[in-house]
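Colleague: I have not looked at this one before. Could you walk me through the charged pairs and the helix packing?

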Amino acid sequence: MVFWTVTALIALSAALLLAMIIIRAREQGEPAAAYDLRVYRQQLGEVDKDLARGVIVEADAERIRTEISRRILAADAQVQKRTSGPAQPRLLSLGFAIATALLISGGTLGLYWQLGAPGYGDLGLQDRIRLAGERAENRPSQAEAEADVPAIERPEAEDGYLRLVEQLRKTAGERADDPQGQALLAQHEANLGNFKAAYEAKTNYIRLAGGQVNARDFTELAELKIMAAGGYVSPQAQTDLQKARAIDPTHGPARYYWGLMLGQIGRPDLAYREWVATLRDGPADALWIKGIQGQIEEMAFRAGVEHRPIAPGGGTAPALPGPSAEDMQGAASLSAEEQQEMIRGMVTRLSDRLATEGGSAEEWARLIGALSVLGETERARTVYDEASSAFAGTPEALELLDTIAAQAGLTE
């Protein structure tokens with residue numbers, strides 16, 4: 001009510017001010033001829049003073065009086081003409097004033113109804129974060145999103161290619177335990193725009209690969225689900241992205257889609273930060289960099305920050321603390337002693353922090369992977385058991401931990 005009251009008063013005040021200007025019909029202030037008239041009358045009085053002081057003679061005084069009197073008559077005629085001219089019709093002015101008031105009041109209300117958010121409450125930062133969390137938990141599933149996506153136009157393909165894909169479907173169905181056949185089927189189903197069939201085949205491939213998959217595989221699975229849902233990042237696609245980020249926190253496509261997901265659930269601030277870090281990592285010619293560059297300004301606007309151009313490839317720190325994929329690759333080129341010292345130091349810091357402060361499932365997964373690199377299989381298995389107990393009530397986290405454990409060879 002406060003908003004509507006203040007808005008109504010502002011609109012009515014503006015309308016009333018314009019109406020008063022229209023109704024009064026005449027310009028305020030005296031005309032310039034009235035000022036000239038006062039000056040001429042003062043000059044006429046000065047003529048007698050000059051004549052008495054002997055400054056001028058009688059003949060000159062009479063000539064000056066005649067000239068000033070002529071000017072006084074001309075100025076007075078202009079004043080009379082200004083005050084006695086035709087008046088603006090009052091009924092017409094009143095009608096126009098009412099129409100202007102209605103136009104201003106009704107027009108502002110109509111614009112707000114179309115461009116504003118009637119009934120949307122004023123939300124502070126904490127309320128917005130809380131609502132974003134609720135939206136993330138309650139958003140539509142993959143199946144629900146696919147049901148709402150209108151039918152997409154399939155890309156044109158030659159009859160020969162369609163026959164080959166049909167044969168591939170038959171062969172993949174007969175060889176259900178062949179991961180390469182499922183990988184090929186996923187690729188060609190995606191080429192034909194059959195994204196649901198594509199991600200189902202990709203899921204089969206990951207299952208059959210026995211843990212021998214990487215961040216790219218999980219990102220491709222998430223991408224196929226996103227395309228099947230019309231660009232929407234479902235909770236199921238989010239889980240796949242979490243797995244990709246746990247395996248390789250620097251994987252560019254996963255970071256791009258992660259930022260897209262954050263923007264969709266109402267956290268453009270986090271999405272903008274994720275995309276800025278991804279841009280700095282580059283490389284400049286990557287497809288995901290182009291995708292971020294085309295959307296980051298809008299994300300910055302939604303986040304309420306000023307975006308400044310960022311040159312891809314500037315470099316940034318890993319998104320999560322602890323040993324990353326780049327750290328592991330760098331350690332592989334060192335001597336055995338240097339490798340142990342480097343990785344053990346990072347693992348110790350991450351392990352101590354998780355033991356005292358706790359952390360996310362991604363951080364626990366990274367610790368498990370780092371321990372497996374060090375060859376401490378038993379300790380990695382112990383950490384895996386502890387993390388599984390800690391996240392027993394979170395199926396998505398358990399699935400992520402199971403995936404990393406399979407990568408490390410901790411599970412059958």
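**Charged pairs and helix packing**

Modeller: D217 counts as buried, with a relative accessibility of 9%, and please keep in mind that this is a predicted model.

Colleague: What does D217 form a salt bridge with?

Modeller: The partner of D217 is K202, and the closest N and O atoms are 3.3 Å apart.

Colleague: At what angle do the axes of α9 and α10 cross?

Modeller: They cross at roughly 160° and come within 8 Å, which means that α9 runs roughly antiparallel to α10. The crossing of α9 and α10 is left-handed.

Colleague: Switching topic, how many salt bridges does the count come to?

Modeller: The count comes to 21 salt bridges. One of them joins the side chains of R245 and E274 at 3.1 Å, N to O, and this pair links distant parts of the chain, with R245 in helix α11 and E274 in helix α13, 29 residues apart. Both R245 and E274 are buried.

Colleague: What about D248, where is its place?

Modeller: D248 sits in the loop between α11 and α12. D248 is buried yet has no salt bridge, and R366, the nearest side chain of opposite charge, is 7.6 Å away.

Colleague: Which side chain does D248 join in a polar contact?

Modeller: That is the side chain of T250, in a polar contact of 2.7 Å with D248.

Key:
Residues numbered from 1 in each chain as written. Predicted model: local features only at pLDDT ≥ 70, side-chain atom pairs only at ≥ 80, totals over all residues. Heavy atoms only, no water. Helix = DSSP H or I, 4+ residues; strand = E, 2+ residues; numbered from the N terminus. Buried < 20%, exposed > 50% of the residue type's maximum accessible area, 1.4 Å probe, protein only. Lys, Arg positive; Asp, Glu negative; His and termini not counted. Salt bridge = Lys/Arg side-chain N within 4 Å of Asp/Glu carboxyl O. Polar contact = N/O pair within 3.5 Å; in protein donor to acceptor, adjacent residues only side chain to side chain. Axes fitted to C-alpha atoms, helices over the stretch in contact; angles between N-to-C directions. Parallel < 35°, antiparallel > 145°, perpendicular 65-115°, else oblique. Left-handed = near helix turned anticlockwise from the far one by under 90°.
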